[in-house]
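Let's take a friendly walk through the pockets of a protein model.

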Amino acid sequence: MKKIRCGWCEKDDLYRKYHDEEWGRPVYDDETIFEFLVLESFQAGLSWYTILSKRENFRKAFDHFDYSKVAAYSDKKIEELMNNPGIIRNRLKILAAVTNAHRFMDVQKEFGSFSQYIWAFIDGKPIDNLPEKLSDVPATTEISDLISKDLKKRGFKFVGSTVVYAHMQATGMVNDHLKSCFTRKIITY
């Protein structure tokens with residue numbers, strides 16, 4: 001019997017694997033949260049598929065998203081990244097990753113972890129939207145607007161409300177799996 005999934009992930013195995021094993025599952029560790037923050041900021045203006053297909057290249061290029069290493073990137077390392085055909089070579093986004101690594105660690109110092117900070121916006125409990133069709137899934141919400149505004153105030157870059165909402169979906173802060181999707185039944189909170 002064929003598994004029923006959210007329609008957006010039927011493109012190929014890469015999308016299906018991401019959908020089935022990661023998307024919408026709550027993430028509390030800072031390392032993974034930072035990875036998604038970087039990837040989502042690089043996605044701005046592009047498709048998620050483009051980013052997902054380059055994810056392993058991003059991992060290698062960005063020291064497996066070790067935020068303390070990213071924060072210490074030199075001009076030489078930034079030029080290396082600009083010349084890396086395996087990633088998105090956008091100087092502003094690369095510089096934003098470095099800036100965001102600094103701000104990420106600032107938030108950790110203030111709140112104990114970035115996870116505690118970001119999950120506090122929803123009282124630590126995922127929001128389950130129970131969408132029936134893809135058109136029921138929003139691009140932004142009042143909460144993503146609020147988080148985006150706070151991140152920007154703290155000096156983060158490329159964290160508009162749409163990027164933040166995508167990050168919330170990726171890290172399971174919101175569950176936007178369709179009601180009919182098999183994954184919805186196996187995600188635990």
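By class, 15 nonpolar, four polar and two charged residues make up the lining of the largest pocket. Here Ala, Val, Leu, Ile, Met, Phe, Trp, Tyr, Cys and Pro count as nonpolar, Asp, Glu, Lys and Arg as charged, and the others, Gly among them, as polar. The model is predicted: local features need pLDDT of at least 70 and side-chain atom pairs pLDDT 80 or more, while totals for chains, interfaces and linings use all residues. Residues are numbered from 1 along each chain as its sequence is written, and side-chain values use heavy atoms, without hydrogens and water.

A pocket is an open set of points on a 1 Å grid over the protein atoms alone where a 1.4 Å probe fits, with protein on both sides within 12 Å along at least five of seven lines; lining residues have an atom within 4 Å of a point. The largest pocket holds about 440 Å³ of space, a volume being the space filled by probe spheres set on the points, which are joined across faces, edges and corners. Of its 21 lining residues, Trp23, Gln43, Trp48, Ala166 and Gln169 lie nearest the centre. Helix 1 (13-21), helix 2 (30-43) and helix 10 (161-170) each give two or more residues to this lining, and helix 10 gives the most, with five. Helices are DSSP runs (H or I, at least four residues), numbered from the N terminus.

Now turn to the second largest pocket, with a volume of about 160 Å³. Its lining divides into three nonpolar, one polar and six charged residues; Lys17, Glu21, Arg55 and Arg59 are among the lining residues. Helix 1 gives the most here, with four residues, while helix 3 (48-53) and helix 4 (55-61) each supply at least two.
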